[in-house]
Amino acid sequence: MAIKKPKTTSKKATPVKRAANKPKKLSGEVFYPSKQVIAEARLKDWDKLNRSAKKDFRAFWEAEAKELEWYGKWKKVLDDSKKPFFKWFTGAKVNIVHNCIDRHLKTYRKNKLALIWESEDGKEHRTYSYYAMNREVTRMANIIKAMGVKRGDLVTIYMGRVPEIVFAMLACAKIGAIHSVVFGGFSVDSLAGRIEDSQSKLVITCDGSFQNGKIVQLKQIVDDSLKRCPSVENVIVIKRVGNEINIETGRDHWYHELLEQPIAEGKCETEVMDAEDTLYILYTSGSTGKPKAIVHTHGGYMVGTYSTLKYVFDVRDDDRWWCTADPGWVTGHSYLVYGPMLNGATSFLFEGGPAYPEPNRWWQCIERYGITLFYTAPTAIRGLMRFGESWPDKHDLSSLRLLGTVGEPINPEAWKWYYRVIGKSKLPIIDTWWQTETGAFMITPTPVVPLKPGSGTRPFFGQEAEIVDEQGKPVADDTEGYLVLKNPWPAMLRTIYKDDERYVKQYWSKYPGKYTTGDSAKRDKDGYYWIIGRVDDVLKVSGHRLGTAEVESALVSHPAVAEAAAIGLPHDIKGQGIHTFVMLRAGKVASPEVAEELRQHVATHMGPIARPEEVKFVDKLPKTRSGKIMRRVLKARAQGLPEGDISTLEE
């Protein structure tokens with residue numbers, strides 16, 4: 001339900017007063033859900049469902065699975081006989097596309113909008129009902145089959161943010177092929193390495209894509225990559241930008257021409273798959289070694305993404321959902337493509353970024369399409385904060401009812417700006433923590449959960465998390481340690497593609513029986529979890545453990561700072577010294593005086609132990625294309641060391 005825009009907007013974010021039926025007062029700064037939010041939420045009693053799921057997480061997930069359609073029922077909800085190679089819904093027959101599309105065609109959703117698309121320049125718009133999605137996915141599936149792709153074969157998808165990337169993913173799944181989506185814009189070496197590792201038979205790409213008004217030469221990058229990838233037999237090319245490209249006879253095929261041929265027409269039955277059959281692989285980079293191909297399956301991943309989106313964002317039939325992630329990342333897989341369609345939702349896909357040609361582009365889209373649920377990354381929020389409040393204030397954002405964040409811990413200052421300026425001090429912020437490996441939300445609130453800026457609150461239903469020390473023993477509240485997950489969950493990765501040994505070593509060896517997330521975190525006395533950052537991003541200064549995210553939050557809380565990164569470098573006395581890199585807000589000027597002011601600001605907020613050794617002013621920070629700051633790259637550069645795998649680094 002649309003929330004009316006208030007006549008005035010307070011310049012200070014103040015916690016909402018507790019509703020009468022709220023639990024005992026929590027510690028720290030808390031934003032309680034309003035009576036209206038609680039009244040409208042479908043799940044009003046978080047604690048009751050949490051207790052039930054904690055008592056029997058298998059029963060919880062089985063109940064969720066029963067809300068979807070299966071060709072054949074499971075013999076066992078969870079097979080944990082060969083830990084850590086867990087299997088879910090064993091023996092069941094299913095295809096995720098049946099639940100994303102086929103089942104909706106039997107209901108009123110047949111004519112409901114599934115996808116709305118707008119081009120970067122705003123001049124092109126396309127919409128697809130669930131009926132139309134079925135038509136497009138079926139035609140794409142027929143064409144892929146005509147290329148000789150069979151069940152279990154690998155298909156690499158390397159495209160921009162256009163509807164055809166969604167068709168391609170779903171078409172692969174429909175025929176039982178395994179898709180490997182590579183973010184459109186990765187370098188030749190990065191793409192070639194992923195194609196070589198997966199041994200893909202087919203590549204689906206575009207002639208090019210638009211990025212901030214410029215053309216990314218996708219087809220040229222594919223051509224250069226395939227010089228060392230003999231496994232690829234065919235390339236399908238979607239015409240998007242109209243630039244001149246090389247078309248190799250016999251290998252390359254224009255998609256619009258294939259659509260006009262008989263091979264595209266006719267029915268294409270959705271392949272009956274085993275619940276444990278691989279749906280897709282997705283490469284994720286570590287701090288060392290080659291990228292890991294994470295394996296996700298049809299059955300468990302389907303149940304996990306369906307349930308988490310349903311509960312966490314309270315998805316309703318009249319919602320318009322916008323997840324700003326690119327389909328090339330797991331967030332795009334789970335919560336732009338699969339999760340929304342499993343819930344029968346209407347999704348918005350935008351080709352461009354948040355600030356081109358002006359910093360109101362996203363707010364313009366929210367107003368134009370009546371977006372109700374908005375899910376984006378803290379780095380984007382911080383970037384838009386730089387331009388001030390006047391840009392979002394130009395637009396009517398009253399259609400919004402929930403806001404969300406993903407990708408990294410959100411600084412409290414950015415959280416409050418998002419809450420006050422975009423949410424008009426009314427809308428809950430759903431701060432989600434999860435990973436490519438988890439497939440779905442792991443630590444997250446729902447709309448009725450009281451919120452603490454910077455905390456992801458508590459584990460999702462059926463999951464238990466723990467903070468442990470180096471030896472694996474639980475630490476006291478408010479003590480930083482290693483975050484582990486205690487229970488298996490349906491959307492979990494099954495292995496690393498073609499590397500079971502690395503899977504066991506990476507995720508299950510350090511603390512046997514528990515999933516090692518690789519993140520540092522702490523839990524407060526209210527049971528709220530605070531993600532500090534990757535273990536590699538934890539500093540140890542004079543024996544004190546400090547999270548880079550904490551130092552960065554302190555810097556960003558200064559009115560002159562837009563973004564910041566902190567790293568630890570060797571120090572003769574302290575062990576490590578803190579070195580920081582700062583981007584100033586528009587109109588602010590760098591100077592030694594400002595640098596000293598920022599050093600003192602951090603010391604004031606965190607104590608003298610956290611005072612940076614150096615504040616260096618920069619115009620940009622090295623980030624992955626999904627927006628995460630690559631601190632290890634800063635660290636390597638500062639020490640003149642090899643930068644390791646930088647395949648995910650922005651240009």
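Is Thr457 buried or exposed? I looked this up first, in what is a predicted model. Thr457 is buried, with a relative accessible area of 1%. I take buried as under 20% relative accessible area, exposed as over 50%, and partly exposed as in between, with a 1.4 Å probe and protein chains only.

Ground rules. Residues are numbered from 1 along each chain as its sequence is written, and side-chain values use heavy atoms, with hydrogens and water left out. Because the model is predicted, local features need pLDDT of at least 70 and side-chain atom pairs count only at pLDDT 80 or more, while totals for chains, interfaces and linings use all residues.

Backbone entries. Thr457 has a positive phi of about 65° although it is not a glycine. I find Thr457 in the loop between strand E20 (429-431) and E21. Helices (H or I, at least four residues) and strands (E, at least two) are DSSP runs, numbered from the N terminus. Gln199 also has a positive phi, about 55°, and is not a glycine. Gln199 sits in the loop between helix H7 (188-198) and strand E8 (202-206). Gln199 is partly exposed, at 46% relative accessible area. I then checked the cis peptide bonds. Lys83 to Pro84 is cis, with omega near 0°. Pro84 belongs to the loop between strand E1 (76-79) and strand E2 (87-90). Tyr356 to Pro357 is cis, with omega near 0°. The loop between strand E17 (346-350) and helix H12 (361-369) holds Pro357. Most residues other than glycine have a negative phi, and most peptide bonds are trans.

Sheet entry. I traced an open sheet of 4 strands in the order E21-E22-E23-E24, with antiparallel pairing. Two strands pair if DSSP finds at least two bridges between them. Strand E21 (465-468) and strand E24 (529-534) are at the edges with a single partner strand each, so one side of each has no neighbour in the sheet. Neighbouring strands are turned by 45° against each other on average, direction ignored. The axes are lines fitted to C-alpha atoms, for helices over the stretch in contact, and angles run from 0 to 180 degrees between N-to-C directions. E21 is joined to strand E22 (residues 481-485) by 4 bridges. Ile467 stands opposite Leu483 in E22.

Strand E6 entry. In strand E6 (residues 154-158), 5 of the 5 residues are buried, so the strand is largely enclosed by the rest of the structure. Leu154, Thr156 and Tyr158 cover one side, and Val155 and Ile157 the other. E6 pairs with strand E7 (residues 178-181) in the parallel sense over 4 bridges. The bridge partner of Val155 in E7 is His179.

Cysteine entry. Which cysteine sulfur is closest to that of Cys268? It is in Cys172, 11 Å away and too far for a bond. Cys268 is buried, at 7% relative accessible area. I searched the whole structure and found 0 disulfides, a disulfide being a pair of cysteine sulfur atoms within 2.5 Å. Cys365 is in no disulfide, and its nearest cysteine sulfur, that of Cys323, is 14 Å away. Cys365 is buried, with a relative accessible area of 1%.
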